[in-house]
Amino acid sequence: MSNNPALPDIDPSKLTITRVEPHALKTIPPPETWVFGQSGSTDHMLVIEHDPETGWSAPIIKPYSPLTLDPASSVFHYATAVFEGMKAFRGPDGKPTLFRPEMNMERFEKSAERIALPTFNKDALLTLIKQLVLVDERWIPSRTGYSMYVRPVYIGTRPTVGVQASTHGMIFVIMSPTGPYFPTGFKPISLMARHDYVRAWPGGTGEYKLALNYAPTFKPQQEAANQGYQQILWLLGDERRVTEVGQMNFFVVLRRGDGGIDLITPALDGTILPGVTRDCILSLGKTHVPDASSPSSLSTSTRLIPQLHPQERTFTISDIVSWLEQGVLLEAFGTGTASIICPVSKIGWEGKDLVLPEYEEGVGPVSKALWERIVEIQEGRRESEWSSKFEHTLILFATLGHYLSRAIPQDRMNGYQPFQLTTILQNGGGGGAGTPLDTRYSECIAVQGTFMMALQNHIAKAKEEIKARKETHTKRQQEDEERKKEMEREIEECAAKEVKMIEQVKRERAEVAELEAHVLSLEKQQANTTENFHRKEEEIEELKKDIFRRKGVLSRDKEVLETHARRTAREAKELQDALGWTIEGVQKDMLLFRFTHIDPAEPEKEFNIVLDVSSRTYRVTSSTPLLGTLPTLLEELNETRQFYAFVRRLREAFRVQAEEERRYK
């Protein structure tokens, strides 16, 4: 109910629906690609706004689009945000259903009250949510395990930064398709037990579904992931009592001494979120009878579940350690809207892992039986009051209830809202004669003539709308058929083009291969040519160096020879002066000097000495027998290179020889 009864509350009869144009409808992705929270949004959304001066606005269902908010809105500064999560399913009769939506709305209302957001009529909001589901019901699949996730959100939009409750608000509802949480079978998760971080505390907000409860869990979650764990087991207090696992409620399954099974979950002490799935587990456990003939019995395909003893009580991490040591801990699992049941494989605690029993299917028999029963109810394969069904007459009844509330005197309404009258009409009265609801129903019937014309007009408009929708649907089908044929033609053309392109690609690839081979050959030739060029350059450099060395040697040899020539000339001059011989027939090009001596007394005697400058050797020729000591002297000369000593000794030898010849004569 609204804070101020004088201001309008949420009124579904004022709903305006603006549909997406048929050509702009989104393409629904294949169901096998759906991942929880990651499969996009449906075509439409619901928006209702609250203003402290005018109350709640007329509801609008419109195409999905971004929101426009003042930067000073309370939600951005003080986390004034509440949300819920529920799922819409398609029953065997093809009609959409919601699973226990009343529980979600009750929790939604309490959470909003906890952060002082403007109050609202939760029944009216649920009616609008059902209408949104009907608008986008084409997104609800008929496959087991698939559904459409519904996310109502309520945010504070007071456009000031003052620290106070938000008097402005906005409720919006978005939806997205979702598939099985474990598409290929159950996969148990690993937990890290943490007590240094606290998710919720006594007197806090743990029992409310507020956005501010979730953001502080992200960092511990990252730290756990870095250490190889998938979720956090939140512990509280010095006794380390167990509260929740990640963002789910937590259950343990224990074997009892009498053959039964204890199904234990932490008690709702203000730190635990009262989950819808949690309540379902406890309720199913209480009604379970270990008798196959009982409709409330729980079983798997292979076994009947023993007697269950559901309990809500406090337990600690030390209790879990003790149960494992005793061998009585059979299963542990988390529960929530997304996964329904999520089995646990191990818990990291004080540096070691507490390993839980393993099962071939990844989930224990108790949790599997509970999961199967909940899924049966959700998908309408088992009748249950938890499954909320609705049809397209919903808004018609809502409008009728609105008109009735105008027709009945206000002093006789006793606080009833239009949607309570709607409930009366849908149910055909109250609980029996004389009850208040039955009295209201009689009053409604009594005054129906006052608004029958309006009702007939409404029905006529509804028929016209249905007719228009049928025509639109028929036209859309025709367009779809034409589009389908056009697409088939395009596909055929594309296939033909693809064949041609493949052939062309093959040819081009062959040409490219040939070009690559040719380029490779040219590169090899270039490499060989470059290598030969470098080798020739190296040879040329070596030749240049050799020529340079030889030039140096020749230059040095030339200098040596010139020095020898000068010395030989000097020696020849000295020999000439010493012996009185003359130099004749000097062969300078050959660097030879010949010294000839002819005795005047005996001209026929000729004595020659030849000096080879290049080799520095001395030879003696004579037309007369050589002086006896001359060969020995010449040999000594060639060894000692003492030319002047040779000349002196030669002169002395000639003198001795001349004296001997004179004596002989």
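Begin by selecting helix α5, residues 276-287, where Val 276, Thr 277, Arg 278, Cys 280, Ile 281, Leu 282, Leu 284 and Gly 285 are buried, a word that here means under 20% relative accessible area, with exposed meaning over 50% and partly exposed in between (1.4 Å probe, protein chains only). The model is a predicted one, in which local features need pLDDT of at least 70 and side-chain atom pairs count only at pLDDT 80 or more, while totals for chains, interfaces and linings use all residues. Residues are numbered from 1 along each chain as its sequence is written, and side-chain values use heavy atoms, with hydrogens and water left out.

The names of helices and strands come from DSSP runs, numbered from the N terminus: helices are H or I with at least four residues, and strands are E with at least two. Helix α5 has 12 residues and reaches 17 Å from its first C-alpha to its last, close to the 16 Å expected at 1.5 Å a residue; the expected span is 1.5 Å times one less than the number of residues.

**The largest cavity**

On a 1 Å grid over the protein atoms alone, a cavity is a set of points where a 1.4 Å probe fits but cannot get out, whereas a pocket is an open set with protein on both sides within 12 Å along at least five of seven lines, and lining residues have an atom within 4 Å of a point. A search of the whole structure finds 4 cavities of 30 Å³ or more, and about 100 Å³ of space lies in the largest cavity; grid points are joined across faces, edges and corners, and a volume is the space filled by probe spheres set on the points. Strand β6 (86-90), helix α5 and helix α7 (365-378) each supply at least two residues of this lining. Its classes are 5 nonpolar, 6 polar and 1 charged residues, where Ala, Val, Leu, Ile, Met, Phe, Trp, Tyr, Cys and Pro count as nonpolar, Asp, Glu, Lys and Arg as charged, and the others, Gly among them, as polar.

**Strand β8 and its partners**

Now select strand β8, residues 147-156, in which 9 of the 10 residues are buried. Two strands are said to pair if DSSP finds at least two bridges between them. Strand β8 pairs with β6 in the antiparallel sense over 3 bridges, and the partner of Lys 87 in β8 is Tyr 149. Strand β5 (residues 81-83) is also antiparallel to β8, over 3 bridges, with Val 82 facing Tyr 154 as its bridge partner. Strand β9 (residues 169-178) and β8 form an antiparallel pair over 10 bridges, in which Ile 155 is partnered by Met 170.

**The second largest pocket**

About 840 Å³ of space lies in the second largest pocket. Of the 35 residues that line this pocket, select Phe 36, Tyr 149, Arg 151, Lys 209 and Ala 338, the closest to its centre. Elements that each supply at least two lining residues include β5, β8, β9 and α5, and by class the lining has 15 nonpolar, 16 polar and 4 charged residues.

Move on to strand β11, residues 231-236, where 6 of the 6 residues are buried. In a regular strand the side chains alternate between the two faces of the sheet. In β11, Gln 231, Leu 233 and Leu 235 point one way and Ile 232, Trp 234 and Leu 236 the other way. Strand β10 (residues 189-194) runs parallel to β11 and is joined to it by 4 bridges, and Leu 191 has Gln 231 as its bridge partner. The chain crosses from β10 through helix α4 (residues 218-226) to β11 in a right-handed β-α-β crossover, a term that applies if, with the strands pointing away from the viewer, the path from the first strand over the helix to the second runs clockwise.

On to strand β12 (residues 241-245), which pairs with β11 in the antiparallel sense over 3 bridges, Val 245 being the partner of Leu 233. This hairpin has 4 residues between the strands, and Gly 237 takes a positive phi near 80 degrees. Arg 240, in the loop between β11 and β12, has a phi near 60 degrees, a positive value in a residue other than glycine.
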